[in-house]
Structure formats: C-alpha cells, structure tokens
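Visitor: Could you take me through this structure one feature at a time, giving the general idea before the particular case?

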Amino acid sequence: MFSDPGHSNGYFHHQDGGAFPEHNSLRPPHRGRGRRRGRRGRSHDSADAPASGAPRVADSDQRVEQKPPPCTDFDVAYFHSYAHLGIHEEMIKDRIRTDTYRAAIMRHQSFIAGKVVVDVGCGTGILSIFCAQAGAKRVYAVDASDIAVQANEVVKANNLSDTVIVLHGRVEDVEIDEEVDVIISEWMGYLLLYESMLGSVITARDRWLKPGGLILPSNATLYMAPVTHSDRYSDSIDFWRNVYGIDMSAMLPLAKQCAFEEPCIETISGENVLTWPHVVKHVDCYTVTLGELESVTTRYKFKSMMRAPLHGFAFWFDVEFNGHAISPTNNHVSSSFIESSNNQSTDVSQRKKRGNPSEALVLSTAPEDPPTHWQQTMVYFYDPIDLEQDQVIEGSLTLTQSRENRRFMNIHLEYTSGGRSFVKESVMR
C-alpha cells in the first residue's frame, strides 16, 4: 500500500499479507498493576524489511531487500491489547511523559516545520498532532492496532487530514513513497526494552530516514541499583507469620513465589536506593541495531551506603531528546548519576540543572524524579540479605529476548555479597 499525500481522508488500512485476525485466546503481554501495556502494535523481527518499491536512504545500495516477517499470534495479541482505550488514557494522563514529548517537539520545531515526519506507534495520534501543530509538512502516523481507526477520526475532527496520514499496519508492512526528515516514537517499555518496540523504530529509521534526519528521542539509558524495601517485604511475606493469631508461616514459600517470582512494577523513592546506580545499557537511536537488542549483558559492583537489608534491585531509565548539534553523549546525565570509565557509578553532585537550552531535554523515570506510569521495575529476592555499610554487592545481569516471544524478556541475575552467591531468573511477560 502506497500512501498518497493528496488523499484528503488520510487513512489507509494495510491489507497485504492478510488482515490481523481477532485473537483473544492469547494473554496480552501485560497484567495487573497498570503493567505496561501490550505496547502499541509493531513488531521488529527484521532489521530493514523494506518492501519492494520502498524509498531508500543513504546506504540503500548496500541493503538487501527482505520480505517482512510474518505477523505471529503473539503479535496479534499484542496489537489487540493496544486497541483498548484505557492503555492510551493512562499514557496521555502521564503529564511527565506527554508534556516532555510536546516540549521536545516544540524545541525542535525548526527541524520539524515544513518537513516529513513518521510517528511510529501513533496510538491516538497525539504526537502526530503535536508535530502538525509544530508546522510539519506531512506526518505519517503508523499503528497496527485498531486504535488507528479512532486516531484517524481524531485527525479529521481537528481538521488535520491534509497533514496527518494514518497508516493502519505494521511499520514492516506499510509503504511510504518518500524519505522522511523526522522519526518520533514513544517506544519505551518497562526495563526500557520490554515489548521490543525499539526494533520498529530501527526498521523505520533504516527504511525511510534521510541522512542527517532527526530521531526523537535520540538516546536512552537503562539503570539498575540495589534497594531496600522492608515495608513491601513485610506486607507480602511477614504478614503470613501471624494472621489473626494463627501461625500461617507454612504459606511463606508460596507467598514468596507469588510475590517475587516475576518482576514487579512499583513506585519507590530515592530513600530505598542503597547506592549510586549502574548503567546497564546506553542506546543511541541513530546507530543501534536489532542485534544489540537480542541480549544485553553487564557486570556490576556496588558498595552499600548504609546498613540495611537488601531486598532486590530496581531498574529505571531515561531518554534524551537531542538536536543535531548535540552529541548523544555530550550532555548525558541521568538522574543524579553518571558511570565512570572504570565501570563504577559516580555521583554528579546531585541533579545537574538543565536550564541551558543547548542541553538535552530529558524524560526520567528515576526514583527521585516525579513518578510516571512506567514507575520502576523491581526484581525482588525471595529472602533479603543483611548488608553492612560499605559492603560490596557484585555480579552480572543478562537481559534476553525470549525465544518464545520476542516481546517477552528473560532476566538472569547473578549476585554475590558477604561470601554468598545467588542466581535469580525470571521472565517479564
């Protein structure tokens, strides 16, 4: 399906390869606690996946055209979950998220005005409309979920059908018959990479982005840190030791499994964090490849700043919206921390102020920052470890896309402290 910028209704439903069937038998990739969502319909099993006749970018002569990957049952369930309005309401009502994206669009208005934009995973179309308001010549709003039908109605209701063209289909399948100047996407999942939506941004970049084009956000960083959270442990575990005067401690093994077998999405505060964080992965959206996302491994070494029980590790991320003149690493400061060259986490003397307009605009999900709908991702131990001040915690972490479903994430965590070694494995579904 080739889009025609002259169409006034601006809506296209991709049909090649078959329509997405209704599929309710598979559980969407999210559950309880506002769990993030079965991300907006895209898959990313192919790095380039340009269809025949698709526009090429700078290195087009070196690319081999590939057939788009099939839409799996897991993809169908994922897309279907994003047809639910509640998911989009939660995201839009996250003012930190939405206001930061709008501010980033206006800050880069000179790169957007009069230019062609692709919104990868447009959802309700709000970011596409922000770009249109910033003066974009044309915006391709792409989404494989049926929410695209409502997005098109929103576009028409705001008299933007001549500017915003809604493409209902996967990034791997839809066709755009021109190169684009800007890619914008809110692709981040829990643990930054959960749901594998970044792959769709990579696909859009490799298919359509002009040399020197702009990607928003431009880079992202995932962090981890050891945490103490006695209240959480007490509420979920210690509760069973005495229930209305009855000894129910026989429930403890099951309670630990039910509460902590899988990662938890919760909001913690900076007071729960025992050390400066460690950088797990830095992503440059201009250069990252699909292969990098299949598996991420890091080694860490922390030194506790206080005496406290260690209940697990917290993960959070930030993303930056850099213009062309800003190197993705020049002004990179996340929360209050940076990672030094010897792989040890280093304080940056509290939060670095970003009043200088030349610095990057940052969306942070750190514990000390205002809460977002992403909250923090917690990997709890079944049993806490008592730490002394300055006690070392070290080990390794591997995050791997599940072979069962690339949108799931396998977590392999090894940690050693006080002469004892442990392994925690879990799956983020």
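Guide: In helix α6 (residues 147–157), the buried residues are Ile147, Ala148, Ala151, Asn152 and Val155. Seen down the axis of α6, these buried residues fall within an arc of 145°, so they line one face of the helix. The arc is that of the directions from the helix axis to the C-beta atoms; buried means under 20% relative accessible area, exposed over 50%, and partly exposed in between, with a 1.4 Å probe and protein chains only. Helices (H or I, at least four residues) and strands (E, at least two) are DSSP runs, numbered from the N terminus.

This is a predicted model, in which local features need pLDDT of at least 70 and side-chain atom pairs count only at pLDDT 80 or more, while totals for chains, interfaces and linings use all residues. Residues are numbered from 1 along each chain as its sequence is written, and side-chain values use heavy atoms, with hydrogens and water left out.

Visitor: Which strand does β7 (residues 219–227) pair with, and in what sense?

Guide: Two strands pair if DSSP finds at least two bridges between them. Here β7 pairs with β9 in the antiparallel sense over 6 bridges, and Leu222 stands opposite Lys281 in β9. Strand β9 (residues 278–284) is mostly covered, with 6 of its 7 residues buried.

Visitor: Which residues is Ser128 in contact with, leaving aside its neighbours within four places in sequence?

Guide: Contact means heavy atoms within 4.5 Å. Ser128, placed in helix α5 (residues 126–133), is in contact with Asp119, Cys122, Val139, Ala141 and Val164 under that exclusion. Ser128 is buried, with a relative accessible area of 0%.
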